[in-house]
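Colleague: I would like to learn how to read helix packing and chain contacts. Please take me through them with an example.

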Amino acid sequence: MTTAGGEQSGVDLKRFNEVFFEECAENLAQMEQILISLGDREPDQEQMNAIFRAAHSIKGGAGIFGFDDMTVVTHVMESLLDRLRNHEIVFAPGMIDLFLEAGDAIAMQLAGHRDGKPVHQEAIDQVRARLQQTIDGDTTQAPASPVSQTQTQAPPEGGLPTSYRLAFTPEPEIFMRRVRMESIIAELADLAEAGTFRCEARLAELPDFAGFDPECCITRWEFALVSRATRDQLADVFMFVADEDQLRIEEHPAERRSQVQDPPSEPALPVEGRRAYDRNETAPGAFGRRGGEAESTFRVNVTKVDQLVNQVGELLITQAMLSQVAGGLDPILHQSLQRGLAQLERNTRDLQASVMSIRLVPISIVFNRFPRLVREIAAKLGKQVELKTSGDSTELDRGLIEKISDPLTHLVRNALDHGLESPEKRTATGKNPVGTLQLSASQVGGRIVIDVIDDGAGLPREKILAKATENGITCSETMSDEEVWQLIFAPGFSTASEITDLSGRGVGMDVVLKNVQAIGGRVQIASEVGKGVRVTISLPLTLAILDGLSVAVGGEKFIVPLNVVIESLQPKAEQLKTVNGREVVQVRGEYLPILKLHSIFNLETEVTEPCRGILVLVEADGERGAVMVDALLDEQQVVVKSIETNYRRVEGSAGATILGDGRVALILDLPELFSMHRQL
Amino acid sequence: MQQTAQNSSEQQGVAQAASEYLTFTLGSESYGIDILKVQEIRGYDCVTRIANTPPFIKGVINLRGVIVPIVDLRIKFNVGEATYHEFTVVIIINVLGKVVGIVVDGVSDVVALPRESIKPAPELGASLDTRYITGLGTLNDQMLILVDIEKLIGSDELQIVDSAADNSQSEVVNQ
């Protein structure tokens, strides 16, 4: 149905394009997910319908929004699927890959339209040709089918003309969905034999003038025509427009075709055949334009949500301010005030949680990419892998989702390449030849924990130590396992004996660590020889709020992000040394540079000696140091604010926050502080 | 482009019969800025210092949840005495998409200046560089120095806008 193109409708469809792009991406993802889950099995009817539905929605959307090139591949694909579904073509395992490739081609076209990325037309033509080939190759063998090929533009094959009566009762909101009746009528007229098409519009229940809504459809349409087209073809005209209960098609036996099963006297004929999938439609979003869905979800601009999050942040600060003021009042005299404030605190926390939850999306968005990746990599490596995922519905911040997918991909590749052994090796060690890779997500307290677990050979301790020594990374035989595992996060570290195109170039784990730390996360590794490796990523729930340690330096307050803090201590004089005139502190055999915040930030303070202050040991980007502050104040959750909105970047800070007393405090950026310290 | 845009806005300003200015004092001199650029006026308190910034950047404040930098024009232009007490005034201005607070000695009035009363600025006379002065106005026999606050805030001198942005701006001007 390539009817209401952008030019024709006279309405600028551009702003709706984004919706189509999103829907299309969703449909592609859904299709891929189903295809991957099949392995090489033949899809059952339901899965087949779901794939068909996805392809069909893409095609329909592309047509409506005027991306005609995208309809080409989807069209052939749909034809093939249709034949598979009707058992006109025998399923072959190779088709799954073909469909996946077709999906890629469509994704490429989508990217071309959305982001202006280059589109390789040859690749698309190739996929299309192969799909067509599959159809043609099989139809020659398949028994002649009574069902016509639905989407052919040429007049349908020589069925005898039949007289039809159609009644279409649209829902009132039909115009909101940008349905244009004139194009439907034109399409029907094309199917009709010359001179037989008749169309009648009936007004049902005309409301009084006050209740009249021009956007509301109160018309009921009746069509009569003689056509060679099958009933299904007529139903197809209404594919995106009508639910089955809104369309009634009657075949009149006046002419031939007396083999009709349903007598015409039966009033509501169900639409048969290819529209069956509509009946058991369960997948949400498959027909995104359906009216009923509008109530359950709707799309909101992200900036609006961010604004809401900001405003709730303000509310939290105000509430903290009030609590602080009230703390100084006599609790007996101001009992009701205190009670009210406690209530306010509860309410603001609840509100904050609800608002934050708007930004949350299920991690399945990331997990869903992996089945295909695992399948492809495993095939390339000749390994047998079963991918298990759990906690798919665990939710985390949208912003985090985008940033966690690369590190996770890295970890999955690593696990497949280095972790899991080849089937022969596994059998030799008495393991199941099929390796298991498990992705699981869960929420633990205020953090999201993602595990990547493989049941492979485990990390080779000796090899890592040897490699570390070779690369000049400080290490020793006496290190604990945990410390040894941390070595693989060092830049340039790789134990893979040979470099594959999957991993082994040594840009793996340090990038993972850096990316995870950039979003306030931590990475932990547990490994057991012969049993496998578990990499655990723990992330904050959201980027907008940060767990911080507030510290005081010379009358100013700073926030140290809690995820970089190891411990804090008050050093003894004998722990302090100088190296090249720079002060260091010795903590358990390690010498850490002392970063004096007051000298980095040019602040005046009475505490200039490390013995009188407190050292906060931090680790960021693999670098350790001791930040010297006057005092530790509090551990608190802070709302991250940008300084750059109204000012330039401030060196050594990763943003700012507003404290309970209304003052601004800078959040420290440790990697930058380290480099500032070196320049001092 | 930037320049032509500024020129045209100046021309518009000239074309109007009268514009309103917020007048303030720095030391013994009276200055005026376009009232439309002013967001609000507030007192000076709770400024968080920022390290390694020039002395006239006093730091940042929390303006109802927005972090706003504070510039003390008295220090920048070496006029008056940079003292801070309960009567110290901060003018919050909104230019170039940024909200910035400027500390002045005092805010006097809002005046409407007819176009013909604004004279071009001579090369000398004010503590402020002539580049940032759009003209001199006369009000009750008192001279008013009219400041192009947008140009001043966007200038390299104040270092409020990031240097990257500065570069692009100067490139445009060069062209």
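Colleague: Is the crossing of H14(A) and H18(A) left-handed or right-handed?

Modeller: A crossing is left-handed if the near helix is turned anticlockwise from the far one by less than a right angle, and right-handed if clockwise. Here H14(A) and H18(A) make a left-handed crossing. Helices are DSSP runs (H or I, at least four residues; strands are E, at least two), numbered from the N terminus.
This is a predicted model, where local features need pLDDT of at least 70 and side-chain atom pairs count only at pLDDT 80 or more, while totals for chains, interfaces and linings use all residues. Residues are numbered from 1 along each chain as its sequence is written, chains are lettered from A and ligands numbered from 1 in the order in which they are written, and side-chain values use heavy atoms, leaving out hydrogens and water.

Colleague: At what angle do the axes of H14(A) and H18(A) cross?

Modeller: Axes are lines fitted to C-alpha atoms, for helices over the stretch in contact, with angles from 0 to 180 degrees between N-to-C directions. For helix H14 (residues 398-419) and helix H18 (residues 509-518) of chain A, the axes cross at roughly 150 degrees and come within 9 Å. H14(A) is therefore roughly antiparallel to H18(A) (over 145 degrees; under 35 is roughly parallel, 65 to 115 roughly perpendicular, the rest oblique).

Colleague: Which residues of H14(A) and H18(A) meet?

Modeller: Contact means heavy atoms within 4.5 Å. From H14(A) come A:Ile404, A:Pro407, A:His410, A:Leu411 and A:Asn414, and they meet A:Met509, A:Val512, A:Asn515 and A:Val516 of H18(A). By class that is 6 nonpolar, 3 polar and no charged residues (Ala, Val, Leu, Ile, Met, Phe, Trp, Tyr, Cys and Pro are nonpolar, Asp, Glu, Lys and Arg charged, the others, Gly among them, polar).

Colleague: How do H3(A) and H4(A) cross?

Modeller: The axes of helix H3 (residues 45-64) and helix H4 (residues 68-85) of chain A come within 8 Å and cross at roughly 155 degrees. So H3(A) is roughly antiparallel to H4(A). Among the residues making this contact are A:Phe52 and A:His56 of H3(A), with A:His75 and A:Leu81 of H4(A). The classes here are 9 nonpolar, 7 polar and 5 charged. This crossing is left-handed too.

Colleague: At what angle do H10(A) and H11(A) pack?

Modeller: Helix H10 (residues 302-327) and helix H11 (residues 335-358) of chain A pack at about 160 degrees, their axes 10 Å apart. That makes H10(A) roughly antiparallel to H11(A). The crossing is left-handed.

Colleague: What area is buried between chain B and chain A?

Modeller: Buried area is the accessible area (1.4 Å probe) that two parts lose on being put together, summed over both. Between chain B and chain A it is about 2,100 Å², 52% of it from carbon and sulfur atoms. In chain B, the most area is lost by B:Thr48, B:Arg49 and B:Ile67, together 28% of what that side buries. The contact takes 26 residues from chain B and 24 from chain A.

Colleague: How many salt bridges are there across the interface of chain B and chain A?

Modeller: A salt bridge is a side-chain nitrogen of Lys or Arg within 4 Å of a carboxyl oxygen of Asp or Glu. Across this interface there are 0, while the count over all chains is 22. One salt bridge joins A:Arg372 and A:Asp104 (2.7 Å, N to O). A:Arg372 is in helix H13 (residues 370-381) and A:Asp104 in helix H5 (residues 94-115) of chain A, 268 residues apart.
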